[in-house]
Amino acid sequence: MLRILLLIFALLGTTAIADPNGRVRVIDADTIDVGGTRVRLFGIDAPEMGQPCTQDGRTWDCGAWTRDAVRNRFEGTFAQCTQRDVDRYGRIVAQCTVDGQDMGRMIVKSGLAWAFRQYSDTYDLDEKTAAIAQRGLWAVEVQMPSEFRATQFADDPAPDQNCAIKGNISSGGRIYHRPGQEHYDRTRINPANGERWFCSPAEAEAAGWRAARR
């Protein structure tokens, strides 16, 4: 009986950590659903929805443009993914292949996203190839996504400058961010969701929040 129970637990554990595989539904140029599991593609960063691209006096939605190009290539295909991490929004971060080819590599090489060097230089040479050939994003004027995100979330001032620690609630739990930390500027506080401002780390921890790792 003990042996059977151990086998059941082992099988359950294997299922829980199984890498996502399945049909692709494209959310944007760096985020997909794989068999119903939300996946953030590892090592790449694409324009945000609503982020503008400009060329020859024309401006359009860069996020929608790159999403549609990735959708045309990958929608409905079968992907096999290898999990690398879980991001702060609870999404699996993974490298995925379609027909044996790395999705991230193909997207970056086509000029539809940049290599996300903050986390990996895996696609550095692929980005250089796209830049030399002036493909996709390299043929237009566009802000880097990290800069665009910073401008979008910069207008979230603390009501009291002496109490500027952000108490955020996400899939990772209750986490507080101090000014200067990596995700501080992009973190928004929504009191309706139970989020709040703190005056000190001690106050945040006493209320049940933990410090952000970076």
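This is a predicted model: local features need pLDDT of at least 70, side-chain atom pairs count only at pLDDT 80 or more; totals for chains, interfaces and linings use all residues.

Visitor: Which residues have the most contacts inside the largest nonpolar core?

Guide: They are I32, F74, C96, M103 and I107, in a core of 25 residues. A nonpolar core is a set of buried Ala, Val, Leu, Ile, Met, Phe, Trp, Tyr and Cys residues joined through side-chain atoms within 4.5 Å.

Visitor: Take I107, then. What is it in contact with, leaving aside neighbours within four places in sequence?

Guide: I107 is in contact (heavy atoms within 4.5 Å) with A29, L41, I44, V70, F74, L112 and A113. Across the chain, 58% of the contacts between residues at least 6 apart in sequence join residues at least 24 apart.

Visitor: Let us change topic. Which residues lie nearest the centre of the largest pocket?

Guide: D87, R88, Y119, H183 and R214 lie nearest the centre, and the whole lining has 42 residues. On a 1 Å grid over the protein atoms alone, a pocket is an open set of points where a 1.4 Å probe fits, with protein on both sides within 12 Å along at least five of seven lines; lining residues have an atom within 4 Å of a point.

Visitor: Which element gives the most to that lining?

Guide: Helix 5 does, with four residues. Among the elements that supply at least two residues of the lining are strand 3, strand 7, helix 5 (145-153), strand 12 (165-170) and strand 13 (173-177).

Visitor: How many disulfides does a search of the whole structure find?

Guide: The search finds three disulfides, each being a pair of cysteine sulfur atoms within 2.5 Å. With bonded cysteines counted along the chain, their pattern is 1-2, 3-4, 5-6.

Visitor: How far apart are the sulfur atoms of C53 and C62?

Guide: In that disulfide the sulfur atoms are 1.7 Å apart. C53 is buried because its relative accessible area is 0%, and C62 counts as buried at 0% as well.

Visitor: Which cysteine is joined to C81?

Guide: C81 is joined to C96, with an S to S distance of 2.1 Å. The torsion about their S-S bond is about 110 degrees, so this disulfide is right-handed. Because C81 lies in strand 7 and C96 in strand 8, the pair ties together parts that are 15 residues apart in sequence. Both C81 and C96 are buried.

Visitor: What about C163: which cysteine does a disulfide join it to?

Guide: C163 is joined to C199, S to S 1.8 Å. Here the S-S torsion is about 80 degrees, so the disulfide is right-handed. C163 lies in the loop between helix 5 and strand 12, and C199 in the loop between strand 14 (196-198) and helix 6 (201-206), so the pair ties together parts that are 36 residues apart in sequence.

Visitor: Is C199 buried or partly exposed?

Guide: C199 counts as partly exposed, because its relative accessibility is 42%, whereas C163 is buried at 13%.

Visitor: One last thing. What is the phi of D56?

Guide: D56 has a positive phi of about 50 degrees, although it is not a glycine. Most residues other than glycine have a negative phi. D56 is in the loop between strand 5 (52-55) and strand 6 (58-61), and it is exposed, with a relative accessible area of 75%. D99 also has a positive phi, of about 55 degrees, without being a glycine. D99 sits in the loop between strand 8 and strand 9 (101-102) and is exposed at 70%.

Methods:
Residues are numbered from 1 along each chain as its sequence is written. Side-chain values use heavy atoms; hydrogens and water are left out. Buried means under 20% relative accessible area, exposed over 50%, partly exposed in between (1.4 Å probe, protein chains only).
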